[in-house]
Amino acid sequence: APETEAPTEVPAATPEHTRTGMSKASLKQAYIDNLFYIQGRFREVATPHDLYMAAAFTVRDRMLDRWVKSAQVYKTSHARTVCYLSAEYLLGPHLANNLVNLGISEVARRAGEELDLDFEAILEEEEEPGLGNGGLGRLAACYMDSLATVQIPAIGYGIRYEFGIFDQDIQNGWQVERSDTWLRNGNPWEIPRPKISFPVRYGGHTEHSRDQAGRSRVRWVADMVVSGVAFDTPVLGYGVGNVNLLRLWKAEAPESFDFQVFNVGDYYGAVHAKIEAETISKVLYPNDEPEAGKELRLKQQYFFVSCSIQDMIRLHLNTVGPLETFHEKFVAQLNDTHPAIAVAELMRLLMDDHAMPWDAAWDITRNTFCYTNHTLLPEALETWSVALFERLLPRHLEIIYEINRRFLDTVRVRYLGDEARVARMSLIDETGGRRIRMAHLAVVGSRAVNGVAALHSELIKTTILKDFYEMSPERFHNVTNGVTPRRFIVVSNPRLAELITEFCGHDRWIRDLDCLRDLEEHAEDPALQARWREVKTAAKQDLALWLSQHGGVVLDPQTMMFDIQAKRMHEYKRQHLNVLHIIRVYQRLKQNPNLGMVPRAFIFGGKAAPGYYMAKLMIKLINSVAEVINNDPQVNGFIRVAFMADFNVKNGQRLYPAADLSEQISLAGKEASGTGNMKFSMNGALTVGTLDGANIEIRDEVGAENFFLFGMTAEEVRRKQAEGYRPWDYYHGDDELRSDIDLVTSGLFSHGDTNLFRPLADHLINQDPFMVLADYRAYLNCQDRISEVYDRPAEWDRMSILNVARMGKFSSDRSIRDYAERIWGIEPKPIGI
Ligand code: Z16
C-alpha cells in the first residue's frame, strides 16, 4: 500500500511547544534541544556547521506543522493541483527565506543574540542547492514560492542532482570549474521518502498482441531498470498556512535488482549496473541555452518525468479514483521541452498499464499538459536522434510516431496539398539524420502554449511555432515572468524593505507588490531621497567590503556608480559590448587624464558553460581588462573593474541591492524574458537596456523617461539580417570602435600576446552574429547620457524611487495568478495559520 504523505496526528500547536512555538523563549529552547538531540553537541564544541544545522531544524520543525495541515486539506478537499515539471530548480539558501515566510526573522534574530550566536555567520554557513543553470531554474524556484504564497495547491517535480551547477573559480583570469558537493554535510531541508519509489525502465523491445476482447495491447520488455526515490522539501508561502511540496527524485539501483535476475553470477557486472543506475541523477548538465544532446541527459529527463507521472497517477487513484478524471485533478506545466517526454509517458501508462483506448488517453493527455517555451534561439531547440530514442525508449518512439501520424493527418486535411507545411510541422525532422523535435511534441501534446514575455510570446507566433499558431491561435498565450519579492527584496535588501514598509504599510506590499505605488508621490521628496541614497550606499559598502575580501578589488562606494552585469556568459547577452564601453572610457581617460567624469565601478558576474569557448574567452577578457585598469593609477581613481567569481543565488543577493545601473543589453529578439532585469530594478537600479524580452514591459511600467534605452528593435534586427549584415563596415566606419577592438588584440591586456583575444575580435569583425558592432555607437551615447544624469543626484534618486514604485507587475505572484486564472483554471485553497 502506498505510504501516506504525512502522519495524520498533528501535535497541538501550543505557543511554547519546542517544535512549533514562535516565541523567543521557545525558539531558544528549541535551538538548544536541536543542537543537542540532532547534532549531538553542546555549545562549547559545536562547529559553525552544527550551529547552522540546529537553526535549520528549528525552522523546519515550524514548517512541518503547516505542511501536514496543508496536505490534509488538499487531500480531503480533492483540490485541483498544478504539477510543475522542471529539470531545474535553482533554489538558493533556504534558511533566511523560510524565516521571512514564517514571519519570525526578527524574533529569531533576538533569540540568537541572547544565545550569543552570530546570526549572519549561521546564514553564511548554508550551502545553496544550485540545481539549475540560470533563469529557467531560478524561475521555477520563484514560482514555487509564489504558488505557496498565493495558496495554489502545487507539487514541484524535478531531479535531486547530487552535483548541482559547478562552482566557479577564477585562476589567472580564466574560469575553472569545481564540482558542487552541496550534499556533503547533509541537507536538513529534505525528507527522504524511501517508500515513495517507482521503477523507471530503459531499452529493450516491445511486444504487440491482442487481449480477449480483441483490443491491441503492447508490452514493453526493457533491459534496464532503475528506481526513483522521492526526497521532499517543504515550500512555505509568505504569511500563510499553505506549504507545498517540492519532490525531487534520486536514482538508485532497485532493491529487487539481484544477481539472479539480471547478471547471473556476474558480481562485477551487477555492481557496475548499480553504479550505472545511480549515475542518472548524479550531475546537472551545465549548459544553459544550447542543448548538449547527450544520452545521459535524455535518461535524466525520462527518469524524472516517469517517476512524476507515476506518482501523479498513484495520488489520483488514492484520492479521486478512476483515471478518466485525471486532467480534472491535475494540470502539468512543462518548463521548457526538458520534460516533454511526459506526453508520451502519460499515453503509455494510460494505455499499456491501465488499458485505456488511444482516443480516451489522448483526450486526457491533451487536457493535462501546458507548455512554456523559454527561447527563440534555434540552436537551443531540443531535438533527439531517432536512433537514440529507439535504443533507449522504444515504446515511446512508437507512441510518438502514432501521435505524429494522427496529427499530420489533421494538418493534411486542413491544408490540402501543402506537403512542405506537413514536413515543417512533423514531430520528426527528416532533413539530415532523423530527429525528434521536442518542442513540436510539447505543443501537440498540450492544451496551452506560452512564452515568457510579451515580445517573446509574439515572436514565437511568427518564427519557431508559426505553423502551429496559424492552425490553433487560441492555444497561444503570454505569461510574463516575475520574481519573488520575498527573496529578492526582503531577504537580500532588508534596509530597503524597512524603508518601503514605512511608506507602503507594514508588510502589505510583500504580499501585494502593487502597493509599492504608494512610494510614487514621495519620489521628489528630498527627505525620502536622502534616506533612499543612504540605503543604496550602505548596500554598496557591503558589496565593496565583500569584494575586497574575496578577490581583492577595491571599489569606492561613496563616489563610484556601481554598474553591474550579472547573468550567464553568452554572446547573445553581449558582455563584450559592455567591455568595449569600458575600453572606450579607459582610452578617453588616457587621452585626457583631467576628464571630469563620473567614477564608475564596472562589476560582472556569470558562469560560462564549460564547453563554450567564446564565453570563457569573454571571462578572460574581462579579467584581463580589469588587471590593466585596476593597476593603472592614472585611471583607477575613476574606473575599476571587478569580476565576482561564482555568481549564484547567494552572491546575486549581494549584487542586486548594490547596483546603481543594471546592464540588460542583449540583442533585441534574443533574450526570451530575462529576470535579473527585474531583480535589479526592484532594488532601485536604473536599467540600460535594449527593447528585448521583459525590458520592454519594464520600460512600459516605469516610464520611458526612467529607463535608458538604446539599440535596434527586434524588427530592425530582422531587417538588417535579411539585407545582409556586414560588421566589417562598422569596424571601418567608426574610428573609436576600430581603436577599441584593436586595443583588445594589441597585447595590452595580454602581456604582449596578440593572439589570445584574436578569435574574439575576428569573430566580431567578420561574423558578429549578435550585432555588437551595429549597436556599439548607440550604446556609448546612451552611457554618456547615463553619466550626466548620475551627476544630478536628485534626478537619479527620483528615477530610482519610481523604478521601485512601479515594479509591482514583476512579482512572480502576479505571474502565478496569470497562470492559475488564464491557463490552469485553478482556484486558491487558503489555509490559515
Ligand atoms: C534558460 O535559463 C532560459 C532559456 C532556455 O532555453 C534555457 C535555459 Cl537553461 C532562460 C532565458 O534565457 C531567459 O530569457 C528567461 O528569462 C528564463 O529562461 C526564464 O524564462
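**View 1. Residues around the ligand.** Of the 19 residues around the ligand, those that come nearest are Gly-135, Leu-136, His-374, Thr-375 and Ser-673; a residue is near a molecule if its C-beta atom, placed from the backbone, lies within 6 Å of it. This is a predicted model, where local features need pLDDT of at least 70 and side-chain atom pairs count only at pLDDT 80 or more, while totals for chains, interfaces and linings use all residues. Residues are numbered from 1 along each chain as its sequence is written. By type, the shell holds five nonpolar, 10 polar and four charged residues (Ala, Val, Leu, Ile, Met, Phe, Trp, Tyr, Cys and Pro count as nonpolar, Asp, Glu, Lys and Arg as charged, and the others, Gly among them, as polar).

**View 2. The domains and the ligand shell.** The protein is assigned domain 1 (1-77 + 104-124), domain 2 (82-93 + 128-373 + 447-480 + 817-824) and domain 3 (497-810), with bounds from an automatic or database domain assignment. Domain 2 and domain 3 each give at least three residues to the shell around the ligand. Between the C-alpha centres of domain 1 and domain 3 there are 41 Å.

**View 3. Helices α23 and α24.** Here α23 (residues 575-591) packs with α24 (residues 613-630) at an angle of about 20°, their axes 10 Å apart. The two helices are therefore roughly parallel to each other (angles under 35 degrees count as such). On the α23 side, the residues that meet α24 include His-576, Val-579 and Tyr-586, and their partners in α24 include Met-618 and Val-625 (in contact means C-beta atoms, placed from the backbone, within 7 Å).

Conventions: Axes fitted to C-alpha atoms, helices over the stretch in contact; angles between N-to-C directions. Helix = DSSP H or I, 4+ residues; strand = E, 2+ residues; numbered from the N terminus. Parallel < 35°, antiparallel > 145°, perpendicular 65-115°, else oblique. Contact = placed C-beta atoms within 7 Å.
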